[in-house]
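Take the points in order and find each residue as you go.

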Amino acid sequence: PWYFYFVLLAVKLPIATLIAFTGGIVLLLRRAAGDGRYFLLFWLLLWGLTFAVAGGKFTRYATSLMPAVIITAALAIQFAGRAVGRFFRGLFDQPAIGVYARAALVSLVIISTMWAAASASPHFRLFINSVGGGSAKAGAYFPQDEFYDAYMLDALKEIAARARPNARVGTEIPVLADYYAKRAGREDLTCSQFF
């Protein structure tokens, strides 16, 4: 459906990033971000017209959208940080307090995002934020992409058990295959792209 990528952003972005991105969109539309906003608006619009209306949708296509999303979120964090800094500077009548308050806000966003990523480890594709239902809904929204390489661990365990020494393994995902081959104790296997 046309809203596939809207759902993707709503359930896959960490909450702090989602809130910041939403605020950043408001800032872009309110002309609060200067003339650079045209670049971001053009990027988001062109990407949306290209991918949202296309029939085949995959989460990997959002990779080219993510820089614009993160820049837009960063704009909102910067604006919020400025406001928080002014508030605390005026409250305590100390310029340094404003700087520390801004740094604390940015640190809070970064730490919460890192925490969200760490909570999904080692299956990062299965991360779902609380808007989407959290870890209880992992794999429910985009199973075609989230379980794309789920078979590789079992497949490489079997190959590692049966393959002759220095065998070549042909696969669509050689980096992951090489990783699982090494975990299975088969440093000698050569994993390469197979077409």
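1. Some ground rules to begin with. Helices (H or I, at least four residues) and strands (E, at least two) are DSSP runs, numbered from the N terminus. The model is a predicted one, so local features need pLDDT of at least 70, side-chain atom pairs count only at pLDDT 80 or more, and totals for chains, interfaces and linings use all residues. Residues are numbered from 1 along each chain as its sequence is written, and side-chain values use heavy atoms, with hydrogens and water left out.

2. Let's start with a loop. Aspartate 93 is found between α4 and α5. Its phi is near 55°, a positive value in a residue other than glycine. That deserves a look, because most residues other than glycine have a negative phi. Is aspartate 93 buried or exposed? Buried means under 20% relative accessible area, exposed over 50%, and partly exposed in between (1.4 Å probe, protein chains only). Aspartate 93 has 65% relative accessibility, so it counts as exposed.

3. Asparagine 166 is another one to check. Its phi is near 60°, again a positive value in a residue other than glycine. You'll find asparagine 166 in the loop between α7 and β1, and with a relative accessible area of 55% it is exposed. For glycine 185, which follows α8, phi is positive too, near 85°.

4. Now for aspartate 35, which sits in the loop between α2 and α3. At 61% relative accessibility, this residue counts as exposed.

5. On to the inside. Which residues touch the most other members of the largest nonpolar core? A nonpolar core is a set of buried Ala, Val, Leu, Ile, Met, Phe, Trp, Tyr and Cys residues joined through side-chain atoms within 4.5 Å. This core has 24 residues, and Tyr5, Leu9, Leu65 and Val69 touch the most other members. At least two residues of the core come from each of α1 (4–12), α2 (15–29), α3 (37–51) and α4 (66–92). As background, nonpolar side chains tend to be buried together in soluble globular proteins.

6. Contact means heavy atoms within 4.5 Å. Leaving aside neighbours within four places in sequence, leucine 65 is in contact with Leu9, Leu44 and Trp47. There is also a second, separate core of 11 residues, which includes Met152, Leu176, Tyr180 and Ala181.

7. Back to α1, where Phe4, Tyr5, Leu8, Leu9, Val11 and Lys12 are buried. What covers them includes α2, α3, α4 and α6.

8. Next, look at α7 (152–162). Its buried residues are Met152, Leu156 and Ala160. The buried residues of α7 pack against β1 and α8.

9. Which residues of α8 (residues 174–183) are buried? They are Pro174, Leu176, Ala177, Tyr180 and Ala181. Down the axis of α8, these fall within an arc of 160°, so they line one face of the helix. The face turned away from the buried side carries the exposed residues Val175 and Arg183. As for partners, the buried residues of α8 pack against α7, β1 (168–171) and β2 (190–193).

10. Tyrosine 179 also lies in α8, but this residue is partly exposed, with a relative accessible area of 46%. Tyrosine 179 and leucine 156 are 23 residues apart in sequence and 9.4 Å apart in space, C-alpha to C-alpha.

Notes:
The arc is that of the directions from the helix axis to the C-beta atoms.
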